[in-house]
Amino acid sequence: MRILLSRARRALPAAVAVLAAVTALPVAAAAPAVAAPASHTAAVDEDPYIVTVHKDVDPARVAGMVGASPDYVFSTALHGFSARLSPGQVMALRVMPGVESVHEDGGVSSFDPAD
């Protein structure tokens with residue numbers, strides 16, 4: 001009996017360490033499964049804008065200077081680009097040389113609502 005108790009006392013710290021490791025394993029394994037939000041969903045405050053630039057300025061380069069990704073680059077009727085912009089990007093574009101205008105893109109209708 002004394003031998004069994006002696007062995008149990010020696011094995012107890014090892015059993016506790018194994019139990020702690022096994023208990024922590026599912027938590028550690030589950031942690032990487034929780035993904036951080038993707039960057040494109042983090043920009044909730046970005047609204048669509050149309051930016052016009054001088055004819056001698058490259059619209060895509062202007063967009064890149066503020067970290068914007070143009071949805072479309074205009075070269076026929078307008079010279080500029082459309083992109084989803086944060087408030088900080090809008091402010092930076094409005095003071096940038098070569099930028100003619102920065103307007104929030106909105107719905108347009110040729111019909112007035114009847115009263």
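**Contacts and strands**

Mentor: Let us begin with Ser86, which touches Asp45 and Glu46 when residues up to four places away in sequence are not counted, a contact being heavy atoms within 4.5 Å.

Trainee: Before we go on, what kind of model is this?

Mentor: It is a predicted model, in which local features need pLDDT of at least 70 and side-chain atom pairs count only at pLDDT 80 or more, while totals for chains, interfaces and linings use all residues. Residues are numbered from 1 along each chain as its sequence is written, and side-chain values use heavy atoms, with hydrogens and water left out.

Trainee: Where does Ser86 sit, then?

Mentor: Ser86 is in the loop between β3 and α4 (87-94); helices (H or I, at least four residues) and strands (E, at least two) are DSSP runs numbered from the N terminus.

Trainee: And is Ser86 buried or exposed?

Mentor: Ser86 counts as buried because its relative accessibility is 17%, where buried means under 20% relative accessible area, exposed over 50% and partly exposed in between, with a 1.4 Å probe and protein chains only.

Trainee: What about Ser82, which element holds that one?

Mentor: Ser82 belongs to strand β3, residues 80-85, and is buried, with a relative accessible area of 11%. Leaving out residues up to four places away in sequence, Ser82 touches Tyr49, Ile50, Pro70, Asp71, Tyr72 and Phe74.

Trainee: Changing topic, how many helices and strands are there in the protein chain?

Mentor: The protein chain has 4 helices and 4 strands, and along the sequence they follow the pattern α-α-β-α-β-β-α-β. Of its 115 residues, 20% count as buried, and among contacts between residues at least 6 apart in sequence, 64% join residues at least 24 apart.

Trainee: Which residues does Ala68 touch?

Mentor: Not counting residues up to four places away in sequence, Ala68 touches Ala63, Ala83, Leu85 and Gln89. Ala68 is found in the loop between α3 and β2 and is buried, at a relative accessible area of 10%. The C-alpha atoms of Ala68 and Ala83 are separated by 6.8 Å, although these residues are 15 apart along the chain.

Trainee: Is Ser69 buried or exposed?

Mentor: Ser69 counts as exposed, since its relative accessibility is 57%, and Ser69 lies in the loop between α3 (59-65) and β2 (72-74).

Trainee: How far apart are Glu100 and Val53 in space?

Mentor: They are 5.0 Å apart, C-alpha to C-alpha, while being 47 residues apart in sequence. Glu100 lies in strand β4, residues 99-104, and counts as exposed at 52% relative accessibility. Setting aside neighbours within four places in sequence, Glu100 is in contact with Thr52, Val53 and His54.

Trainee: One last thing, where does Asp47 lie, and how accessible is it?

Mentor: Asp47 lies in strand β1, residues 47-53, and counts as partly exposed because its relative accessibility is 31%.
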